[in-house]
Amino acid sequence: MRATVKDVAARAGVSPKTVSNVVNGLVPVSEGTKAKVEAAIAELDYIPNLSARGLRNGRSGVIALALPDLGTPYSAEVAHHIVEVAHEQGWSVQLEETGHDSQREFDLVSKARANLIDGLILNPVALDESAIRAGGNLPPMVMIGEVVQQRVDHVGVDNFNAAREMTLALAAGGRKRIAILGGTERRRTDTAVIRTRGYRQALTELGIEHDPLLEIPCDEWTPGGSARALRIFLGSNDLPEAIFCFTDSLAIGALSVLAAAGHRVPQDVLISGFDDIDHGKFAVPALTTISFDKRVLAEEVLRLLTGRMADSRREPVEVTLPYRLVSRASTDVR
């Protein structure tokens, strides 16, 4: 016969409520007690009745994670950590791709309102088009990324100061012709806007005159899109002294074009990225980048989301993660 919660409780010497707390992962349990319950679960081959649990607490046990492009290494790393932390806490994760389409965001919010999912982790690309601007009651939700707002909980990095710090680092040694790749002329995402502002602030502090030509627009934030954008730029402009790419994927595309054109990195031009994806460590040369702990991002997101499920009326919380500038071979001119 299938083991029950009472069977597990009797084997572990605890109450059925304690077993439920361990299984659901929403109420803290001491490590010793948790270990006894988990051992009993394994011995009895106990399988929680998730559908019954959902009927009792009005939850599906499923949360959704919506990212603009699941095909990017950055999205894959973020999704990996969020899924891992969610599963540790007893949640299943439904992955969604919005494709930079605000209508898909609205559809996901509607699903959450209809109780098909318990909560939503959303990475919108532009506040003006985001689902949170539609008004009305929002489901339990946490936003990640660069969109800044005051309606829902948010976890992100200080992109303005990170971009400013990277630009200042690239200017070390007197470099003045510092370009950015991923500018805001065509792709008006909040990421591009904020990082461009940080770049321009650094130029002001350095006393470097702003040159709009050095803000290289890029429609598609992939290595291929970056390669096309930089190739077009170099066709009618001199090589900059440094290029700050707004993602590591953009920087990888730039490295390919520069190598093909016979330009040496970092001897002829410095290259840096943002996000510290694993691929960047193995680029040739390895990428200087802005890094933050994606596991901590996931933990903060799940903490806020479960807290929002428990108390929908509390004021929105803003969590700013620490970052660090990681210097690697792509900017090392020693």
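## Overall organisation

Two residues are in contact when heavy atoms of theirs lie within 4.5 Å. By that criterion, 70% of the contacts in the protein chain with a separation of 6 or more are accounted for by residues 24 or more positions apart. The model described here is a predicted one, and its secondary structure comes to 12 helices and 12 strands.

Of the 334 residues in the protein chain, 49% count as buried. The accessible surface of the chain comes to about 16,000 Å², and carbon and sulfur atoms hold 50% of that area.

Helix H1, which spans residues 5-12, has Val-8, Ala-9 and Ala-12 among its residues as buried positions. Viewed down the helix axis, the buried residues of H1 fall within an arc of 100°, so they line one face of the helix. The buried residues of H1 pack against helix H2 (16-24) and helix H3 (31-44), whereas the face turned away from the buried side carries the exposed residues Lys-6 and Ala-10. After H1 comes Gly-13, whose phi is positive, near 75°.

Asp-7 also has its place in helix H1, and with a relative accessible area of 37% this residue is partly exposed. Leaving aside neighbours within four places in sequence, Asp-7 is in contact with Arg-2 and Leu-44. The C-alpha atoms of Asp-7 and Ile-41 are separated by 9.1 Å, although the two residues are 34 residues apart along the chain.

In soluble globular proteins, nonpolar side chains tend to be buried together. In this model the largest nonpolar core has 40 residues, of which Leu-181, Leu-230, Ile-243, Phe-244, Cys-245 and Ile-271 touch the most other members. The elements that give two or more residues to this core are the helices H7, H8 (190-206), H9 (223-234) and H10 (248-260), together with the strands E6 (178-183), E8 (242-245) and E9 (270-272). The largest share, six residues, comes from H10. A second, separate core of 25 residues includes Ile-144, Val-155, Met-309 and Leu-321.

Once neighbours within four places in sequence are set aside, Phe-244 is in contact with Ala-163, Met-166, Thr-167, Leu-170, Ala-179, Ile-180, Leu-181, Ser-272, Gly-273 and Phe-274.

## Aromatic pairs and charges over rings

A pair of aromatic rings is described by the distance of the centres and the angle of the planes. A search of the whole structure finds three aromatic pairs. Tyr-74 and Phe-292 form one that is edge-to-face, with 6.5 Å from centre to centre and 65° between the planes. This pair links distant parts of the chain, since Tyr-74 belongs to helix H5 (residues 73-88) and Phe-292 to the loop between strand E10 (289-291) and helix H12 (294-310), 218 residues apart. The two partners can also be described by their accessibility: Tyr-74 counts as partly exposed at 23% relative accessibility, while Phe-292 is buried, with a relative accessible area of 8%. Elsewhere, ring pairs link Trp-221, Phe-244 and Phe-246 into a cluster.

## Glu-77 in helix H5

Helix H5 also contains Glu-77, which is buried, with a relative accessible area of 15%. Apart from neighbours within four places in sequence, Glu-77 is in contact with Asp-276, Ile-277, Asp-278 and Lys-294.

How values were computed: Residues numbered from 1 in each chain as written. Predicted model: local features only at pLDDT ≥ 70, side-chain atom pairs only at ≥ 80, totals over all residues. Heavy atoms only, no water. Buried < 20%, exposed > 50% of the residue type's maximum accessible area, 1.4 Å probe, protein only. Helix = DSSP H or I, 4+ residues; strand = E, 2+ residues; numbered from the N terminus. Arc of directions from axis to C-beta. Phe/Tyr/Trp six-rings, centres within 6.5 Å; stacked < 30°, edge-to-face > 60°. Areas by Shrake-Rupley, 256 points an atom, 1.4 Å probe, with all protein chains shown as cover. Core = buried A, V, L, I, M, F, W, Y, C linked by side-chain atoms within 4.5 Å.
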